[in-house]
Structure formats: C-alpha cells, structure tokens
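I want a record of the charged pairs in this model, and then of the fold around them. The entries below follow the order in which I looked things up.

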Amino acid sequence: MSQAKLRLPQLLLKPLFLLSPRNFSPRVLMAEIHSRSQSPANKPDQKRRRLISNLTTAIQSSPSPTNTSNKYSTMATPATPTIPLTLTLSSEEAAVRKLFIDAAQGIDRGKPDDDRLVLRFTGGWVRDKLLGGRSVDIDVGINNMSGFDFATRLSEHISANMEKYGFEPRNVNKIESNPEKSKHLETATTKILGLDIDFVNLRSETYSEDSRVPHMEFGTPEKDALRRDCTINALFYNLHTEQVEDFTGLGLQDMAARLIRTPLPPKETFTDDPLRVLRLIRFASRLDFTIVPEAKAAMKLPEIKSALKTKISRERVGIEIEKMLRGRNPHAALSLIHELDLYNEIFAPPVMQEDPVLPVEDMKIAADIVRYPLLGYTPCYPHFSRLLRTSANGKYLAWLIASMSPWKHHPVFPADRKRNIPAAATAIKEGLKCPNTVSGTIANAFANYPTIENMVLGLKDWSRSKAGMEMRALGADWRSQVGACFMFEVLELRKNGEDRQAERSVMDKYETFLKVVAEKNLEEAYGFKGLLTGKDIVAEYSLLAGPWVKPTLERCLEHQLDHPQKEKEELLQWARENRKVLLEGLEYVSAGEGKGKGKGKGK
C-alpha cells in the first residue's frame, strides 16, 4: 500500500502557546456540552473546533484507505497506517525522543534489521497532542522488549553518557502485573525532564469465556491498536519516522468527526473488558465527542450490563466514576449513563440479590439542577452562587449526591438499622468503594436534609448562639449538605411539574439563609472552639470530671457565641456567676469527697 505523506496545517502542528505550561488552558481542549455556543465570546471552543476542522480537511484531502471498509462490523485493518502525520514536539519531548532513539541504536548494535527496536508514543498523548494539548504522561510502546528491560538499558545508557545529556538517570520502578487492579502486564515507570514515562511492550490480548483476565503476549502494532478501547486512543507516534500512525484506519477520521468508536466490533470489545463501557462514556463527556450508535447499542445488551456489574471490581468502577465527576463535563457523563440505562449496574451494590426499584430518572433531573442553578452563577443570588462553585471537591460531591438521589427514599439496609445509616451512603460505599470521608458526606446529606429545611426557614429569626450550635452540628461539609437539600427540594418541584417561579422562590429562601449565615459570621462555625476548657470548669467548680462537663461547656460556648467580644477571664467570671444555672439537671461529684459522697444534682 502506498503511503501519502501529509503535514497538518500550521495551527494544529505548532500550537506553541498551548504547549507552554504557563499559558496552557484546558478550556482550549474541551468544551462543555452546556456551553455550545456560536457566540464570538466563546473563543477557546472555536479554536479547538478549528483544530478539528483542520484535521478533517487534511484527512479528506488525502487518499482513502484501500483496505478499510466503510462497513463498521466488517472493518478490515490496513497492514500499515494510511495517513502518516507529523507533530511538533516541545523541547522536553524532543529531547526525550532523541534520548530514546540514541538508547535504541545502542541496544540494536549488531542486530539484524528485522530484529531492531521500534519505539512509539501511544494512546492518550497522541490524542491530546492532535487536539492541541499538552500531556506530561507518556506511554512508550516497545516492539520486541519488555518495558522493564528497555527502561533498565535506557538507565545504563544515561549513566554512560551523563556529560552528553546533562542529567543523571532516575530510578526505574517496576510495576508488577495485578489483574484485580486492571494491570494485566508488567510495566516500568520513570521521570525524565518533568515527563512521567511508562514503558510497556506492544501486546495482543485473548480472553477466555470465564475470566476477564487476558492472556497477554508480544504483539504487532496492529494487534496492539485493535485491543484498545477506542480508535482515538489507538493512535501511535513513531519516534523513528516522527509520524502519527493509525493502524485501525479510523482513528484520525474519528478524531475529525468527533466520534468515539471501538476498534473491533463493540460487543467483542466490551465482552473482553466491560469497564470499557465506562471509559468510553468518560472520553465522550471529557472531549465532547459522540459515541457511535453501534457502541451504544452494545452497551445496552443484557449480557454486557451483567458483566459490568458482576465481573468488574467495584474499585475499578469507582475510579472511572470519580474521573467522570471530576472531569470536564460530569453532566454529560451522567446524562449518558441515564440514556444507556446503566444506573443499577453502576450505582447499586452488586451484593443486592435483585436490582432495587429506584426512580432512576431522579439522577438526570438532579444532574440538571446541579448544572444550573446549583453550580451556575446568578448575579442576584451572590451567596447562593458561591455555595459550591469555589471548591473543586464541593462540585465533585454535588455531582455524586445527584448520582445517588434515586436512593433518597430507599429504606435503610438491614445491617445499618442500628446506626441508621442512609441507604445512599451504603450504596455508594459498597457500589463504588468510595472512602469514608466521601460516604460520610453522603450520609450527612441524606440524613440531615429535614433538619436543614427547618434551618433554612427559621435561622434568620434565631439567636446567634442557637444558629451557631446548629451550624456547628452540621460539620465541615455543611455546604454540600445545604446544596443537597436545595437539590432535593427542586427535584420534587420538577417532578411535580411546578413552574420556574416556584424554583425561584426556593432560591430566594436559600439566598436569605446563606446571607444570614454570612452576616452572623457562622460560615466556619464547625470549627468554633470554646475559650473555656473542661479543666477550667472542673477547677472553677471544684468538682470531679464527669459527664456533666460536656453539656456545661456547650452552654458556655452558647454564651460565647452571643458575646464574641468577651475574653476568657470574662467568660470564666460569667460561668462562676451562673454556676447554678449551668449545672441545672446535671449530676456531679464534689472534689475531695469520698466515693459516693458529695453527690449533687443541680436544681
């Protein structure tokens, strides 16, 4: 097959302002679905679309692949890439390329031509480079050596030529295969010139029907490309020819058409590794690309859905969901999960004997609410607009709470009845293996929303001490809990068909609540500490320490909240003068009295 050399237009080949860490902006790469605007103000989105348009023009003007069928399910893979493209590397990337080529030439010395090393940058680095982005993570594919063997020889080459390269070799870390964590092959990692490098040999995979753990062996670049999750992640950059290689014959076309497609028929790809279903959803939402209909249809197959739920570890599922919800467009990711009817496969614990009967449509409605107004900006609601927008973790938790909204009315699981843990918290802990800090916030959000509803209505009329103690009880994640309460209120309004004016009334209510919290200086109430300690009170009252100390200190803290100007000595004087009131209803024992003597009860 003849190869047609093609150079991408200048804008795509030399986006130097994008490759500079100082000037790089992710907004140039990805456009969120909800901001698809043709407005001239949307310059980053327009620039990224120009990059795609340039790639489209380049591909359309080149010869068509002769061995690639337009029939998706019968696609034939070309023996060689059909549209070799060149890329402009950053100075660090160029230096790393030269270093690797030098090392390969040393290793190849004396070898026959058909046994020489061929090194390629693979996968995500190539994709992001074509999109005009910069990635510090580079996977290096090696044709005839293991990743660790090449990395070891590379380290030896650097040691022998430190004067030439100007730096010492870094440690090479060997990563053993770990199928349970989706590491099916031994790899090696190191860091060079600020770039994180992973070395692995090109491979092919075969799966047995009863295992998701593949049998791995050295493979050709074509086989390595076909085993990948989607065509845009199957592009290689050949370090020797300095050209982009598309061994699926569809990767560059799909980049230009903004499509997510599997290299092999999708059922085969998803059967081999069902987690690829989630990976494709993540890439589609991150890049604002469209999953092709054939892949969507395969994702909905009962056997694929069952495999996703039962044959993939929940840790791996949880990692993919976290990447989606911390990514560029969580709303698009959750919308796709809803469209593909994958809620129970992802958010229901696999230990349940049957899928729970949940109002799964609540997730989509809740996600719409999170996108706007919860994470939007409305000038006439300044306090509400700042509730969650200022914290990356707050945004992530808002999307996670929206994901679990169908569990709002689900009964507590039997094992959790004693501690009364909301079902949503158990589902997310078991279903996604989220850490305790995350499941704890979910538990608080679903347990405390009735309390928060009352606070939102009444706090403006409360004393600072009462309001402060209630805010303090909510804890450090109170913003996420208040956001969840708002979400749940508006969710019910939308399900009941209420108009936008009803929603605006709810926003008015929460804006007033948040404004009062700010005016009373209670936003950090969860961290308030009393100036008086238990030792202070015990010494002042000449009583033995006991259960009475905690409620007494809380009463002292209430007084402190109402009189924030008072110093410690003034508070101690107040406690001395109000001893009888503070000890009312509490049992205590006088210091110096024998056991069982000097007991009293405040009256």
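Predicted model: local features only at pLDDT ≥ 70, side-chain atom pairs only at ≥ 80, totals over all residues.

**Entry 1, salt bridges.** I began with the linked charges and found Asp 229, Arg 279, Arg 282 and Glu 320 joined in a network of salt bridges, where a salt bridge is a side-chain nitrogen of Lys or Arg within 4 Å of a carboxyl oxygen of Asp or Glu.

Residues are numbered from 1 along each chain as its sequence is written, and side-chain values use heavy atoms, with hydrogens and water left out.

Because the two residues are four apart in helix α17 (residues 361-374), about one helical turn separates Asp 368 from Lys 364; helices here are DSSP runs of H or I with at least four residues, strands are runs of E with at least two, and both are numbered from the N terminus. Lys 364 has a relative accessibility of 23% and counts as partly exposed, on a scale where buried means under 20% relative accessible area, exposed means over 50% and partly exposed lies in between (1.4 Å probe, protein chains only).

Which residue forms a salt bridge with Glu 489? I found Lys 509, the closest N and O atoms being 2.9 Å apart. This pair links distant parts of the chain, with Glu 489 in helix α23 (residues 478-495) and Lys 509 in helix α24 (residues 500-519), 20 residues apart. Glu 489 is buried at a relative accessible area of 17%, whereas Lys 509 is partly exposed at 23%.

I then checked Glu 540 and Arg 576, whose side chains meet in a salt bridge at 2.6 Å, N to O. Here too distant parts of the chain are linked, since Glu 540 lies in helix α25 (residues 534-541) and Arg 576 in helix α27 (residues 568-577), 36 residues apart. Glu 540 is partly exposed at 23% relative accessibility, and Arg 576 is partly exposed with a relative accessible area of 39%.

I located Leu 557 in helix α26 (residues 549-562) and recorded it as buried, at 5% relative accessibility. Leaving aside residues up to four places away in sequence, Leu 557 touches Met 469, Arg 472, Lys 529 and Gly 530, a contact meaning heavy atoms within 4.5 Å.

Asn 238 stands opposite Gln 243 in β9. The hairpin has four residues between its strands, and Glu 242 takes a positive phi near 60°. From strand β9 (residues 243-246), Gln 243 and Glu 245 point one way and Val 244 and Asp 246 the other way, all of them buried.

Definitions and conventions. Pairing = 2+ DSSP bridges.
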